[in-house]
Amino acid sequence: PMPDQPLDIVDEPVALMLGDWSWQPNRVAWETLRRQWPSLRRTVPDARLLIAGRGCPADPREPGIEVIGEVARSVDALSRAAVLAFPSPATSGPKVKVLEAMAYGVPVVTTAAGVEGLDIPPEAAVVSDPGSFIDALAAVLVDPDRRRALAAEGRRSVVTGHAPDRVALRRLDIATALS
């Protein structure tokens, strides 16, 4: 089910990586962002990166990175984030973390693989190529107005295009049309 209300907007430049860290693509995404994090901190010195989920990577002891660890519910971590950062490598299928963040009104910065299978307009998430991901994330972290716009459009897109009741009705419409 879709959350009734979006989360409150986080004003501080806090990015979140969330996932099951036993999944290889999550570990690849983490290593990608960890290597580029010092560059982001030169652009956004007060930026913080929270790492949450089952089997979190060891504390990297890098300035601005905090390992939360496993959370009971993803919303517990999402509520602390100004943006979900997920430099997804090429994988298959929709990324539930991206869909869930958008449903809660948390802006998303990802790659094309991170929104694969999702029906969202370009203004609902920042989709960057891997080479410019860190610049795209920095640009969103320093712009609270853009984060608010992304949050609103992302939530609207997910609620209207991916909510279970609406998807079920579309499936019924298709089944009826085919019969």
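Which pattern does the protein chain follow when read along the sequence? The order is β-α-β-β-α-β-α-β-β-α-α-α, with 6 helices and 6 strands. Helices (H or I, at least four residues) and strands (E, at least two) are DSSP runs numbered from the N terminus.

This is a predicted model, in which local features need pLDDT of at least 70 and side-chain atom pairs count only at pLDDT 80 or more, while totals for chains, interfaces and linings use all residues. Residues are numbered from 1 along each chain as its sequence is written, and side-chain values use heavy atoms, without hydrogens and water.

**Overall form**

The radius of gyration, taken over C-alpha atoms, is 16 Å, which agrees with the value near 16 Å for a compact globule of 179 residues. That rule is 2.2 Å times the number of residues to the power 0.38. Along the principal axes, the C-alpha atoms fill a box of roughly 60 × 35 × 30 Å. Of the 179 residues, 48% are buried; buried means under 20% relative accessible area, exposed over 50%, and partly exposed in between (1.4 Å probe, protein chains only).

**Helix α3 and K97**

In α3, the buried residues are K97, V98, A101, M102 and A103. They pack against β1, α1, α2, β4, β5 and α5. After α3 comes G105, with a positive phi near 80 degrees.

K97 lies in this helix, which spans residues 96–103. Although buried, K97 has no salt bridge, and D20, the nearest side chain of opposite charge, is 8.7 Å away. Lys and Arg count as positive and Asp and Glu as negative, with His and the chain ends not counted. A polar contact of 2.9 Å does join the side chains of K97 and N26. Such a contact is a pair of N or O atoms within 3.5 Å; within protein, one must be able to donate a hydrogen and the other to accept it, and residues adjacent in sequence count only if both atoms are side-chain atoms.

**Salt bridges**

A salt bridge is a side-chain nitrogen of Lys or Arg within 4 Å of a carboxyl oxygen of Asp or Glu. The count comes to 10, including these:

| Pair | N to O distance |
|---|---|
| R34 and E31 | 2.7 Å |
| R34 and E62 | 3.8 Å |
| R80 and E66 | 3.2 Å |

R34 and E31 both lie in helix α1, 3 residues apart. R34 is partly exposed because its relative accessibility is 24%. At 30%, E31 is also partly exposed.

Terms used: Contact means heavy atoms within 4.5 Å.
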